Amino acid sequence: MAAPGAALNCEDFLMFQEALKGMRTIDDRIVHALNTTVPTVSFSGKVDAAQTCKQLYESMMEAHLSRDKAIKACIAQTSEVVGQLREERAKDSENLAMIKQLRKEQTKLKLMQSELNVEEVVNDRSLKVFRERCRIHYMPPKVK
């Protein structure tokens, strides 16, 4: 499993997906994190819920940003490879091995681009859960 901020393997899509899965653990465990750190009304005096929510929000945003950067970097890298292979195909349209490689890279590029949509869903879900539990304790700054 890759640590947040670790470089993704852009060559192998399955490794790329596995690394993203590891980087998404904060989002997968958001409900548990909120349940264990944000107090209910009866325990609200024992924990600084505003500070806890703020820290959780900041670490969540950091994870979202690092995943977004990593995915976009792999998309850029794969797009470059696709561009080079297209140029080669234009020069030698009979080379079947190269055409097969181009198709493989184009498919990988589409799959990586679809990961941006997955990322959007994961991020929206996490933010929704966060707002439900932390809205009375901490209001994050407006984004955009």
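Biologist: How many disulfides does a search of the whole structure find?

Modeller: The search finds 2 disulfides, in what is a predicted model.

Biologist: What makes C10 and C74 a disulfide?

Modeller: Their sulfur atoms lie 1.9 Å apart. The cut-off is within 2.5 Å, so the pair counts as a disulfide. The link has -75° about the S-S bond and is left-handed.

Biologist: Why is C10 called buried?

Modeller: The relative accessible area of C10 is 8%. Buried means under 20%, so C10 qualifies. C74, at 1%, is therefore buried by that rule as well.

Biologist: How do you know that C53 and C134 are joined?

Modeller: The S to S distance is 2.0 Å. That is within 2.5 Å, and therefore a disulfide is assigned. The angle about the S-S bond is -80°, a left-handed link. This pair links distant parts of the chain, with C53 in helix α4 and C134 in helix α5 (residues 96-134), 81 residues apart. C53 and C134 are buried.

Biologist: Which pattern do the disulfides of the protein chain follow?

Modeller: With bonded cysteines counted along the chain, the pattern is 1-3, 2-4.

Biologist: Which elements does the protein chain contain?

Modeller: The chain has 5 helices and 0 strands, running α-α-α-α-α from the N terminus. Of its 144 residues, 34% count as buried.

Definitions and conventions:
Residues numbered from 1 in each chain as written. Predicted model: local features only at pLDDT ≥ 70, side-chain atom pairs only at ≥ 80, totals over all residues. Heavy atoms only, no water. Helix = DSSP H or I, 4+ residues; strand = E, 2+ residues; numbered from the N terminus. Buried < 20%, exposed > 50% of the residue type's maximum accessible area, 1.4 Å probe, protein only.
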